[in-house]
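This note sets out points on helix packing and aromatic pairs. Please read the points alongside the structure shown here.

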Amino acid sequence: MAERIGLVVAGAGARGAFEAGAMASLLERMAEDGTPPSILVGTSAGALNVVGLGGFSDRGLPAAAENVVGMWGSIELDDVVEPVNSVVGSGLRYLGQLAGLPVRLPSLLDTERLRETLSARLPWDMLHENIAAGRVDAVAVAATSVATRGTVVFVEKHPSVPLPPHDSHRNITYVETELGVDHVRASAAVPGLFRPVHVSEPSDWSGWYVDGGLLLNTPLKPAIAFGADRLGVVATHPRTWPTGLPSDQLTHTGKPDVFGAAALALRAMLADRMIEDLHAIERRNTRAHPYPRKPYRIGFTFAGPSPDRAGDIAALADEVFRDEFEGLRCGRDPSLWALARLIGGEAADRGDLLSFLFFDPAFTRRAAELGRAVDLVESG
């Protein structure tokens, strides 16, 4: 039986541009090695990336990745959120709640515009055609069900790929469907920040969903459940935790304010489960070493920042904002400037938070180039 390769792309907000660049480098390496992935699984921004990759896959995956990079290089804040509606609408709803009126505040940002952007820019018809033709075996996106508090992996697949059973240990359910805009929007609906999304198809799983990163930001287990023997893993955080004493660290050493706490929560949510799962794979591979042909031995190639470059994306966001939007240059995009002004904390935390919301070509194009330069680390 031929080896089946999976590609896993983590959630990252506007950092998805960095992932697109890293994905391009990784897929070029995989093409040279003769191991192109056929199982594509993503969460949040990673969901957008794998859907784009699957839709453009008839051009070859390295070329498809370049199309995804180009897509990120043209996205602006107005393509994702409606700043005026976000500020005015959220403020009025909140005041209404305080006054006891029957209104609710669904999120801080109005992200209805994202529906139009995803509809127009992702190649949906070609995605369905490429999967049906077997150019890729499956494309899957992870979201979190509000009702069940579990991860739901919506998957469009070729008939040759079995649908995995429910994973009771991690509360992961696999649901076959024709992927659409709402599945990707649900996967990217950051709780509190972006609006929850109602998914209507398939009807049995109709309900409200939020960001898949809440429980499974780097969906390694689903890729393995779909039968992947080897993985490519794309992320914006290192594959290991920081080492050394607190006094040895160069960033995040001051007393955290509310923004520092938010940045810490994001780092924990986006990276810690991934690190645990990668370590679990490595432990399993070590135990399986005497039996290298056993199917449960999973090798992977990691495309993400090294520990000593962990802060590069945050530093880039801070640098681009200061160069392009500070002072009199704020008129270039007043909405983005106002959004960035709301973020406080020390510089590293500011850059961290800003990098997730920095939907502007000035940042995304440079972030993609930063992603292209990551080291590709082999394991197993």
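Are Phe 154 and Tyr 209 buried or exposed?

1. Phe 154 is buried, as is Tyr 209; buried stands for under 20% relative accessible area, exposed for over 50%, and partly exposed for values in between, with a 1.4 Å probe and protein chains only. The model is predicted: local features need pLDDT of at least 70, side-chain atom pairs count only at pLDDT 80 or more, and totals for chains, interfaces and linings use all residues. Residues are numbered from 1 along each chain as its sequence is written, and side-chain values use heavy atoms, with hydrogens and water left out.

2. The whole structure contains 3 aromatic pairs, where rings of Phe, Tyr and Trp (its six-membered ring) pair if their centres lie within 6.5 Å. In one of them, the ring centres of Phe 154 and Tyr 209 are 5.3 Å apart and the planes stand at 70°, so this pair is edge-to-face (planes over 60 degrees apart; under 30 is stacked and the rest tilted). Distant parts of the chain are linked here: Phe 154 lies in strand β4 (residues 151-157) and Tyr 209 in strand β7 (residues 207-211), 55 residues apart. Strands (E, at least two residues) and helices (H or I, at least four) are DSSP runs numbered from the N terminus.

3. Tyr 174 and Phe 226 also form an edge-to-face pair, with 5.5 Å from centre to centre and 80° between the planes. Tyr 174 belongs to strand β5 (residues 172-176), while Phe 226 sits in the loop between α9 (220-225) and β8 (230-234), 52 residues apart. Both Tyr 174 and Phe 226 are buried.

4. Helix α2 (residues 45-55) packs against helix α6 (residues 124-132) at an angle of about 70°, the axes being 7 Å apart. Axes are lines fitted to C-alpha atoms, for helices over the stretch in contact, and angles run from 0 to 180 degrees between N-to-C directions. α2 and α6 are therefore roughly perpendicular (65 to 115 degrees; under 35 is roughly parallel, over 145 roughly antiparallel, the rest oblique). In this contact (heavy atoms within 4.5 Å), Val 51, Gly 54 and Gly 55 of α2 meet Trp 124, Met 126, Leu 127 and Asn 130 of α6.

5. Helix α1 (residues 16-32) packs against α2 at about 45°, with 10 Å between the axes. That makes α1 oblique to α2. Gly 16, Glu 19, Ala 20, Met 23 and Leu 27 in α1 meet Ala 45, Gly 46, Asn 49 and Leu 53 in α2.
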